[in-house]
Amino acid sequence: MLLAVDVDYKNDSRAVAAGVVFRAWSSGTIEAVVHQDISAVRPYQPGRFFERELPCILALLETYSRPVETIIIDGYVYLGSDRRDGLGACLFDAL
C-alpha cells in the first residue's frame, strides 16, 4: 500500500493531517482516506518545518492500522548544501 499525506494548518495552533491510500502507483482506485485532527502544532520556523509537520504525520499514521510500504510527503529529504535533515529524513528516522 502507498499513502500520500499532507497537513492543512487551520491557524497557528490547529491542523488536519490527511492521507489517501492506494494499492499501486498505477492504481486509479482509492483504498482508503484517513485524517486526523491535531489540536496543538508548533509554530513554523524556516529550515525546521519538520518540527511542525512530523508530529502531525505521525499522529495520522497511528490511526491507520494496515501496513504501508511507501509514504509520499510534500517535503525535502535534505536541506541546503550542507544536507541538513529535512522532513523526509526525519520521517524516515522516526519510522
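In the protein chain, 48% of the contacts between residues at least 6 apart in sequence join residues at least 24 apart. The model is a predicted one.

**Overall architecture.** The protein chain contains two helices and six strands. Along the sequence these elements follow the pattern β-β-β-α-β-β-β-α. The radius of gyration is 14 Å, close to the 12 Å that the globule rule gives for 95 residues, so the protein chain is as compact as a globular protein of that length. Taken along the principal axes, the C-alpha atoms fill a box of roughly 35 × 30 × 20 Å.

Of the 95 residues, 34% count as buried.

In soluble globular proteins, nonpolar side chains tend to be buried together. The largest nonpolar core of this model has 21 residues, and the members that touch the most others are L3, V7, A15, V21, C56 and I57. At least two residues of this core come from each of β1 (2-9), β2 (15-22), β3 (30-38), α1 and α2 (87-94). The largest share, six residues, is supplied by α1.

A15 illustrates how this core is connected. Apart from its neighbours within four places in sequence, A15 is in contact with V7, D8, Y9, K10, Q36, D37, I38, V41 and C56. Among these partners, V7 and C56 are also listed with A15 as core members that touch the most others.

P67 is located in the loop between α1 (49-63) and β4 (70-72). Its C-alpha atom is separated by 10.0 Å from that of L3, although the two residues are 64 apart along the chain. R83 lies in the loop between β5 (78-79) and β6 (84-85). R83 is not a glycine, yet R83 has a positive phi of about 55 degrees.

| Residue | Relative accessible area | Class |
|---|---|---|
| P67 | 68% | exposed |
| R83 | 51% | exposed |

Residues count as exposed over 50% relative accessible area. With a value of 51%, R83 therefore falls in the exposed class, and P67, at 68%, is exposed as well.

Methods: Residues are numbered from 1 along each chain as its sequence is written. This is a predicted model: local features need pLDDT of at least 70, side-chain atom pairs count only at pLDDT 80 or more; totals for chains, interfaces and linings use all residues. Side-chain values use heavy atoms; hydrogens and water are left out. Helices (H or I, at least four residues) and strands (E, at least two) are DSSP runs, numbered from the N terminus. The radius of gyration is taken over C-alpha atoms; the globule rule is 2.2 Å times the number of residues to the power 0.38. Buried means under 20% relative accessible area, exposed over 50%, partly exposed in between (1.4 Å probe, protein chains only). Contact means heavy atoms within 4.5 Å. A nonpolar core is a set of buried Ala, Val, Leu, Ile, Met, Phe, Trp, Tyr and Cys residues joined through side-chain atoms within 4.5 Å.
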